[in-house]
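User: Hi, could you walk me through this one? I have a few quick questions.

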Amino acid sequence: MDSLIKLFFCLFIFLCTSLLFGEINGVEGSNQNHHLYPFRPTKLFVFGDSYADTGNIKKAFSSSWKFPYGITFPGKPAGRFSDGRVATDFLAKFVGIKSPIPYFWKDYAGKKRLQYGMNFAYGGTGVFNTQTPLPNMTTQIDIFQNILTTGDIYYPPELTSSVALVSVAGNDYSNFIALNRPASEFPAFIKQVVDQTEVNLRRIHALGVKKIAVPSLQPLGCLPPFTFVTSFQRCNETQNALVNLHNNLLQQVVAKLNNETKQSTFIILDLYNAFLTVFKNKGSNPGSTRFESPLKPCCVGVSREYNCGSVDEKGVKKYIVCDNPKTAFFWDGLHPTEEGWRSVYSVLRESLTASLIKA
């Protein structure tokens, strides 16, 4: 088991690093869902990693600012780790507001644009420090708190109609293996990650945010690097089993927090089962695309030393893009396409609505 764990996370580290360093801006939302809520969400605040980042990393440091990222939306690289919109954009649309401006671009946005909230997520980061030297989640929340303290942009009373997205997609665990810590310590470290997530959720709530959505960990064994050996036909169930402890502990934490607040303040977005539901969809799930080969990525390097967006020293591209990103669930080795995210949120819609409509 130790060797399987090490293999899994070593591969995960390599992929995270190469995609992030080998390799955002606002998107219009929709007001169609305001009638779903007993309170009218007006702001979305986002904390986390590349599943939620919409452009916080500087252009020189991330492949998310290189072609072909962003070819579906907005038609050019814009800092998102996808061909188009990501989780943040779809949650914003669901609650009926425009996608919040990335923190990095706040000084370039007008006050009207800032009224929809702010995105503090940075690709490659985790609950704790990772191999990516960017603000971890504690620091992201510190930045948010400082903004509230100054009162220049937001005032605490405004947060009573706000929602937060707290994205944790596994970067802490890849960093755990990068530090060569023994696999026997892995279960205890998972508890540390979830315990710190609990601290983070409590902090965000104490700052006045009304509703807080935290995704479960996605089925890591279904990422393209681990389905490659089966020609992208099957997920690695041994690796997916390693995710269960994190998700089970997270469920317990959210249940405890909701019991303390006596309200459904904290909401789990079940990415694990939503991903699997999309993968298994035979066309029976309305609104969810049926992907012919859901485990196969759309954008890949021409060989192992290259990734999506790679070019050689002469600027010649060293990647291949599928004919139509809308037919693919995965964009690159880690991240869903816009259509992939759209399908995931289609699956989540019913449970998300049931959670958010509770006062």
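User: Let's start with β4. Which of its residues are on one side and which on the other, and are they buried or exposed?

Analyst: This is a predicted model, and in it β4 is covered on both faces. S162, A164 and V166 point to one side, V163 and L165 to the other, and all of them are buried. That makes five of the five residues of the strand, residues 162-166, so β4 is largely enclosed by the rest of the structure.

User: Nice. Which strand does β4 pair with through five bridges?

Analyst: That is β1, residues 43-47, and the two strands run parallel. Within that pairing, F45 stands opposite A164 of β4.

User: And what is the bridge partner of A164 in β5?

Analyst: I212 is the partner there. β5 covers residues 211-215, and its pairing with β4 is also in the parallel sense, over three bridges.

User: OK, helices now. Why is α9 called largely enclosed?

Analyst: Because seven of the ten residues in α9, which spans 271-280, are buried. The buried ones are L271, Y272, A274, F275, L276, V278 and F279.

User: Switching to charges. How many salt bridges does the structure hold?

Analyst: There are 13. As background, side chains of opposite charge can pair when their charged atoms come close.

User: Which residue does K43 form a salt bridge with?

Analyst: With E158; their closest N and O atoms are 3.5 Å apart. This pair links distant parts of the chain, 115 residues apart: K43 sits in strand β1, while E158 is in the loop between α4 and β4.

User: Is K43 buried or exposed?

Analyst: K43 counts as buried, because its relative accessibility is 7% and the cut-off for buried is under 20%.

User: What about E185, which side chain does it meet in a salt bridge?

Analyst: E185 meets R181, at 3.4 Å from N to O. E185 counts as partly exposed at 34% relative accessibility. R181 is partly exposed as well, with a relative accessible area of 27%.

User: And which side chain does R202 meet?

Analyst: R202 meets E260 in a salt bridge of 2.9 Å, N to O. R202 lies in helix α6 (residues 186-206) and E260 in helix α8, so this pair ties together parts that are 58 residues apart in sequence. For accessibility, R202 is partly exposed with a relative area of 34%, and E260 is partly exposed with 43%.

User: Which residues do salt bridges that share partners join into one network?

Analyst: R85, E338, E339 and R342 are joined that way.

User: Changing topic: where does UniProt place the feature "glycosylation site"?

Analyst: The UniProt record places that feature at N136, N236 and N259.

User: Let's take N136. Where is it found?

Analyst: N136 is in the loop between β3 (117-119) and α4 (137-150). In this model N136 is buried, with a relative accessible area of 11%.

User: Which residues does N236 touch?

Analyst: Not counting residues up to four places away in sequence, N236 touches G221 and F226.

User: Last one. What is the mean pLDDT of the protein chain?

Analyst: The mean is 87, and 87% of the residues reach 70 or more. One stretch to keep in mind is residues 7-37, where the pLDDT is below 50. That stretch still has 109 contacts in the model beyond near neighbours in sequence.

How values were computed. Residues are numbered from 1 along each chain as its sequence is written. This is a predicted model: local features need pLDDT of at least 70, side-chain atom pairs count only at pLDDT 80 or more; totals for chains, interfaces and linings use all residues. Side-chain values use heavy atoms; hydrogens and water are left out. pLDDT is the predictor's confidence in each residue, from 0 to 100. Contact means heavy atoms within 4.5 Å. UniProt positions are given in the numbering used here, feature names are shortened, and annotations may be inferred rather than shown by experiment. Helices (H or I, at least four residues) and strands (E, at least two) are DSSP runs, numbered from the N terminus. Buried means under 20% relative accessible area, exposed over 50%, partly exposed in between (1.4 Å probe, protein chains only). Two strands pair if DSSP finds at least two bridges between them. A salt bridge is a side-chain nitrogen of Lys or Arg within 4 Å of a carboxyl oxygen of Asp or Glu.
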